[in-house]
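Subject: Structure handover

Hello,

Please find the structure below. My notes on the sheet and the helix packing follow it.

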Amino acid sequence: MTVESEYRVMTNGLEGIVAASTRLSEVDGERGRLTIAGYAVEDLAPRASFEEVAYLLLHGRLPDATEQRTFAHQLRERRTLPPVIITVLERAAAAGAPAIDALRMATPLLSLGHAEEPLNDAIRLIGSFPTIVGTYGRLSRGEPSVPVRADLSHAAHYLHQLRGSVPSSEQVRALETYLNTVCDHGLNASTFTARVIASTRSDVISAVTGAVGALKGPLHGGAPGPALDMVFEISRADRAEAVIRAKLDRGERIMGFGHRVYRVRDPRAEVLAQAAERFYSKDGDRNLYELVRAVEATALRLLHAYKPERRIATNVEFYTALLLHGLGLPTDLFTATFAVGRVAGWSAHCLEQLREGRLIRPQSEYVGPSGLHYEQQLPNGALTPPASARAGA
Ligand code: ACO
């Protein structure tokens, strides 16, 4: 809803408002295109390494071979967690905290003992997120953490931290495609959060801590778990219509569908659907893949019938669920795994904001009461007269 007054325009949820310039990614919601620092997501995500993509975001261009080696080394050096983070993760696991909360508790501790330095902080965040989430994945299942291996790539290291064994090259490629696909996406809610914090000239680790909190919500990064739960609830293609209809009749949202910006299929859903197809044709439950395709088709048909004016299409979270499940990740790690990829974009946005941005400080429209007078309650229950009355006495 947009309300215009003589002086300003109010848009509920800031829909359609441009609040920053960026060189990092461009989201074209009408044509369903995502460009990451100049590269189409379909071109970059399935082929580049995550290290290359993270470097691209931080430095604005792909690295040459020497820069790539140096950058990969810098990330590897930051894999090992300080003991205080392990302690927090153990306490979080004992309390049964969701993985995304454990990540949000651990992230600010990455600043302990380090002087603030934006690029260094960014590399520490990117380098340590896989260890934090992988370690938590094991601790929360009562398994001991595994020592960090310096000889594995970033994506392989994450899977190794989680499982304690070295993954296959297909599994690494599938995860890397996922991490690249979600690395950045315009001014989404968590990136906006990070940029608002950075715009006050706060530090990158504070900004990314806030972003992790914003990612948690089911309207943003918290959708893939519920999307997969729905697929399992449906369980057979011929039940999809009845289950989805019942949800829509109850006014529920269908997780993995709809987007604030895309009015056509999210291009990331296509990249991940293709990655899932490649992966599931070799190494996974092909029936599940077919079921997911059938659920998608039914959901789209029903969403179109129920909300024709909104043009609701598949978003990135729907195929995220399928791909991460195929990689053996438990549902409760999906959102934190999203953060393992998105932390590259958050960090790069912070650097950009610190370099070029201005304090982000919009206004609010006041809709509360006015003209009230404060009356103090005395111990005997009586009320003092308003100041205006006292002044006249
Ligand atoms: N299922 C059912 N109805 C939906 C859905 C959906 N998935 N998405 C939007 N709608 C409906 C809303 O109920 C609303 O209907 P109404 O006008 O009759 O009340 C209308 O479409 C507009 O909804 P808004 O929330 O105002 O639209 P917005 O542009 O903010 O929606 C959002 C974007 C929040 C992602 C929404 O589509 C949604 O809730 N989807 C399900 C959750 C999800 O998949 N989240 C992941 C998003 S991708 C990401 O953040 C990485």
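In what order do the three strands of the open sheet stand, and is the pairing parallel or antiparallel? The order is β3-β4-β5, and the pairing is antiparallel. Strands are DSSP runs of E of at least two residues and helices DSSP runs of H or I of at least four, numbered from the N terminus; two strands pair if DSSP finds at least two bridges between them.

This is a predicted model: local features need pLDDT of at least 70, side-chain atom pairs count only at pLDDT 80 or more, and totals for chains, interfaces and linings use all residues. Residues are numbered from 1 along each chain as its sequence is written, and side-chain values use heavy atoms, without hydrogens and water.

β3 (25–28) and β5 (39–40) are the edge strands, each with a single partner, so one side of each has no neighbour in the sheet. Four bridges join β3 to β4 (residues 33–36), and D28 lies opposite R33 of β4.

Helices α14 (residues 286–306) and α15 (residues 316–326) have axes that come within 11 Å and cross at roughly 175°. Axes are lines fitted to C-alpha atoms, for helices over the stretch in contact, with angles from 0 to 180 degrees between N-to-C directions. The two are therefore roughly antiparallel (over 145 degrees). Contact (heavy atoms within 4.5 Å) involves, among them, L288 and Y289 of α14 and F318 and Y319 of α15.

Helices α11 (residues 224–234) and α12 (residues 240–249) pack at about 130°, axes 9 Å apart. M230, E233 and I234 of α11 meet A240, V243, I244 and K247 of α12.

Regards

Terms used:
Angles under 35 degrees count as roughly parallel, over 145 as roughly antiparallel, 65 to 115 as roughly perpendicular and the rest as oblique.
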